[in-house]
Amino acid sequence: MSTATAMNTCGILHIEKDAMMLAMKREPKLSAMFLRYLLKRNIRYQDDLVDQLFNSSEKRLARVLLLMAHFGTEGVSEMSIPRLSQETLAEMVGTTRSRVSFFMNRFRRLGFINYDAGQNLFVHSSLLNIVLHDDNLTVSTGLGPALSRAGTKREPPSARGGTPDKDRARRPPLEDTTLLQN
């Protein structure tokens, strides 16, 4: 059902179905661990499907890089991952190699990733900004609608004579007088 490519030297063990079923019956800890693994894998498949359906290729690439770097490890703001070809990343993301190249160059220019002289790619936790921002990306930075060229927040234009959007949330809603009369 799947294809895997080893990035380092590793050993592989094939376990027959009957032997695995017997081991799971005899060892409740193994059974619980295996079940946790299957549930996590199914959740990851669901997340990947939602990601593919609703997110841009830029966000999908950022998500793949963060997942490979095991983002979320406490106290670590930068992780090193083995360098992959852009073709491989394109297959993982579901886009073309040229789009991956474009986004990787953008990520590097913005300081979200960098390469060392060896075969490592360093992913900074700040790459999460790409995943969290809306799709209305500004042309200048590609970081989202709330950031301008200088990195300061922009307010969306309000209607003429209307209240600025930042004040709208602070004001109580207007009461409908027709409802009060009934």
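**Burial and salt bridges**

Modeller: Glutamate 58 is buried, its relative accessible area being 3%. Buried means under 20% relative accessible area, exposed over 50%, and partly exposed in between (1.4 Å probe, protein chains only). This is a predicted model, in which local features need pLDDT of at least 70 and side-chain atom pairs count only at pLDDT 80 or more, while totals for chains, interfaces and linings use all residues. Residues are numbered from 1 along each chain as its sequence is written, and side-chain values use heavy atoms, with hydrogens and water left out.

Biologist: Which residue forms a salt bridge with glutamate 58?

Modeller: A salt bridge is a side-chain nitrogen of Lys or Arg within 4 Å of a carboxyl oxygen of Asp or Glu. Here the partner of glutamate 58 is arginine 106, with the closest N and O atoms 2.8 Å apart. The pair links distant parts of the chain: glutamate 58 is in helix α3 and arginine 106 in helix α5 (residues 97-109), 48 residues apart. Helices (H or I, at least four residues) and strands (E, at least two) are DSSP runs, numbered from the N terminus. Arginine 106 counts as buried at 13% relative accessibility.

Biologist: How many salt bridges does the structure hold?

Modeller: It holds four. In one of them, the side chains of aspartate 48 and arginine 63 meet at 2.8 Å, N to O. Aspartate 48 counts as partly exposed at 27% relative accessibility, whereas arginine 63 counts as buried at 16%. Arginine 63 also meets aspartate 51 in a salt bridge (3.4 Å, N to O). Arginine 63 lies in helix α3 and aspartate 51 in helix α2, so this pair ties together parts 12 residues apart in sequence.

Biologist: What is the volume of the largest pocket?

Modeller: On a 1 Å grid over the protein atoms alone, a pocket is an open set of points where a 1.4 Å probe fits, with protein on both sides within 12 Å along at least five of seven lines; lining residues have an atom within 4 Å of a point. Grid points are joined across faces, edges and corners, and a volume is the space filled by probe spheres set on the points. The largest pocket has about 1500 Å³ of space. It is lined by 31 residues, of which Thr3, Ala4, Tyr37, Arg44 and Tyr45 are the closest to its centre.

Biologist: Which element supplies the largest share of that lining?

Modeller: Helix α2 does, with 10 residues.
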